Amino acid sequence: MPFDFDTPIDRTGSWAMRWDRYTGRDVIPLWVADTDFRAPPAVLDAFAARLAHGVFGYSAPPDALRAAIVERMQRFYGWTIEPDWIVFLPGVVPGLHLAARYLCTPDQHVLVPTPIYQHFKRAVQLAPRAHDDVPLVLEGGRWVFDEARLAQAVRPNSKLLFVCNPQNPGGTIFTRAELGRLAALAERHDLVICSDEIHADLLIDEGKPHVPIASLAPEISRRTVTLMSPNKTFNFPAAGVAFAIVEDAALRAAFSSDHHATLHDASVFGYVGALAAYRDGQAWLDAQLAYLRANSDLVEAMVADAPGLVMAHTEATYLAWIDARGLGVKDPFAHYLEHGVALSPGAQFGSPQFIRLNFGTQRSRLVEALERMRRVS
C-alpha cells in the first residue's frame, strides 16, 4: 500500500505548537520534534472507531497493549520483559522528571551528557539535584561519550546516569560495545541508569540496530529505567502515551510514586494509537523511514555545500545537529530566523553555536528551507 508523505498539509488553525509560533510570517518552522506527516491509517482508523463509541471515561492501560510491547521488545531486540515491568506515562518528559526526583535522593548526584535534549537538564534543575554535565565528543563522525571524562565526573554520592539513545540532538545510535562500557561504569559505581529511547524506531542508517541498554544483561536491566513511546515514531504526541520498562520492583515502586498525585494517566487515545501502531503500523513506518533517509541526504548535501556549516552524519532521529560556528554570527538561530527558517537554538541543548533542524516534513518544504539557508550561509 502506498503512503503519501509528499503532499503538504496545512497545519494552521490546528493548535500546532511548531506552526502557531510563526503565524502570519514567512517562516518555515523546522524546530519542535514532531513531523508534518499524518499518522498511519491504522492509527487513524483506530481513533475513528474509538471516537464512534462516544464514551471517554477513565481508562486503564489495556492488557493487549502490554502484550504488544512485550512482543515488540522480544521481536526487535531479543529482550524478554514481563508485562508488569511496564509503567505507563503521559509522555517521556514526565518520565525524566520522575527519574530525577524519585530515583535519587536530594543529597545524591546525577550525570547528564551534553549536548542533550533540554528536559534532561530541566529535570535535574527543578528536582533539584546536583549534577555534572559530561560533554559528548565528535569521534569518527559520531557524537559519543567521552568515557574518561565521564569516569572522572563520578562522585561518591553519584546515583543516576542519564542516557539518550538514539542521541538527541546528535543522532548517534550507540553500539553494543559503547553501551556495554556505560553499563560497566554504572555497575562499578552502583548507578541507576535512566535511558530515553523514544527515537528507537527512527533509524536512518540501515544495518545499525538500536540496542536497549537494559537488554545487555539481567544485572543491567535490574538497575535501568527505559523510557519509550510510539509518539515520535508514528506522530501522535498530542494523544499522550509513553511507558517505562522497569524490572526491579523497588525502582518501579519509586518511579511510580507520583501516579495520581501530580502525574496523570496516559490518554485513552494514546493507548488506542499505540496498540494500533504496534500491531499494524510497520509498513507505514518502513515507508516513512525511506522518506526520511532521502530528506536526511538532502540536509547533509546542503551542509556540505555551505562553507559556514558542519554536521555529523545523522544515524537516527529526524533531527540534524549542525555546527554553525563557521558562520561567524553571534546567534545562528536568530540569523536563520531572520531569513525565514525557524530552527531549534543550540543553547537549549547546551551548545549556543549549534542549531537543530527537524527534517520530518514534506520534501518540497524542506528544499525551500534549505535553499533559504544556503543563500545566507
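L227 is buried (under 20% relative accessible area, with over 50% counted as exposed and values in between as partly exposed, for a 1.4 Å probe and protein chains only), and its relative accessible area is 0%. The residue belongs to strand β8, residues 224-228; helices (H or I, at least four residues) and strands (E, at least two) are DSSP runs numbered from the N terminus. Contact here means heavy atoms within 4.5 Å. Beyond its neighbours within four places in sequence, L227 has contacts that include L89, V92, G95 and L96, as well as C194, S195, D196, E197 and I198. F243, A244 and F255 are also among the contacts of L227. S195 lies 32 residues from L227 in sequence, and the C-alpha atoms of the two are 6.1 Å apart.

The structure is a predicted model, in which local features need pLDDT of at least 70 and side-chain atom pairs count only at pLDDT 80 or more, whereas totals for chains, interfaces and linings use all residues. Residues are numbered from 1 along each chain as its sequence is written, and side-chain values use heavy atoms, with hydrogens and water left out.

The chain contains 14 helices and 14 strands. Its radius of gyration, taken over C-alpha atoms, is compared with a globule rule of 2.2 Å times the number of residues to the power 0.38. For 377 residues a compact globule would have a value near 21 Å, and the 20 Å of the chain agrees with this. Along the principal axes, the C-alpha atoms fill a box of roughly 55 × 55 × 40 Å. Of the 377 residues, 58% are buried. Among contacts with a separation of 6 or more, 73% are between residues 24 or more positions apart. The accessible surface of the chain is about 15,500 Å², and carbon and sulfur atoms account for 55% of this surface; areas come from the Shrake-Rupley method with a 1.4 Å probe, and for residues only the protein chains shown count as cover. There are 35 positive and 42 negative side chains, with the centres of the two sets 3 Å apart. Lys and Arg count as positive and Asp and Glu as negative, without His and the chain ends, and each charge is placed at NZ of Lys, CZ of Arg, CG of Asp or CD of Glu.

Strands of a sheet pair through backbone hydrogen bonds, either parallel or antiparallel. Two strands are taken as paired if DSSP finds at least two bridges between them. Strand β6 (residues 158-164) is mostly covered, with seven of its seven residues buried. β6 pairs in the parallel sense with strand β3 (residues 109-114) over three bridges, and V110 stands opposite L160 of β6. A parallel pairing over five bridges also links β6 to strand β7, residues 192-196. In this pairing V163 stands opposite S195 of β7, the residue named above as a contact of L227.

Strands β4 (residues 130-139) and β5 (residues 142-145) pair in the antiparallel sense over four bridges, with V137 opposite V144 of β5. Two residues lie between the strands of this hairpin, in which G140 has a positive phi near 60 degrees. A further sheet is open, with four strands in the order β10-β11-β14-β13 and antiparallel pairing. β10 (310-311) and β13 (344-345) are at the edges and have a single partner strand each, so one side of each has no neighbour in the sheet. β10 is joined by two bridges to the antiparallel strand β11, residues 319-323, where I322 is the bridge partner of M311.

Most residues other than glycine have a negative phi, and most peptide bonds are trans. The bond from T114 to P115 is cis, with omega near 5 degrees; P115 lies in the loop between β3 and α5 (118-126). A cis bond also joins N165 and P166, with omega about -5 degrees, and P166 is in the loop between β6 and α7 (176-188). W15, in the segment before α1 (17-20), has a positive phi near 65 degrees and is exposed at 78% relative accessibility. D190, in the loop between α7 and β7, has a positive phi near 55 degrees and is partly exposed at 43%.

A217, in the loop between β7 and α8 (218-221), is buried, with a relative accessible area of 17%. A217 and W79 are 138 residues apart in sequence, with a C-alpha to C-alpha distance of 9.3 Å.
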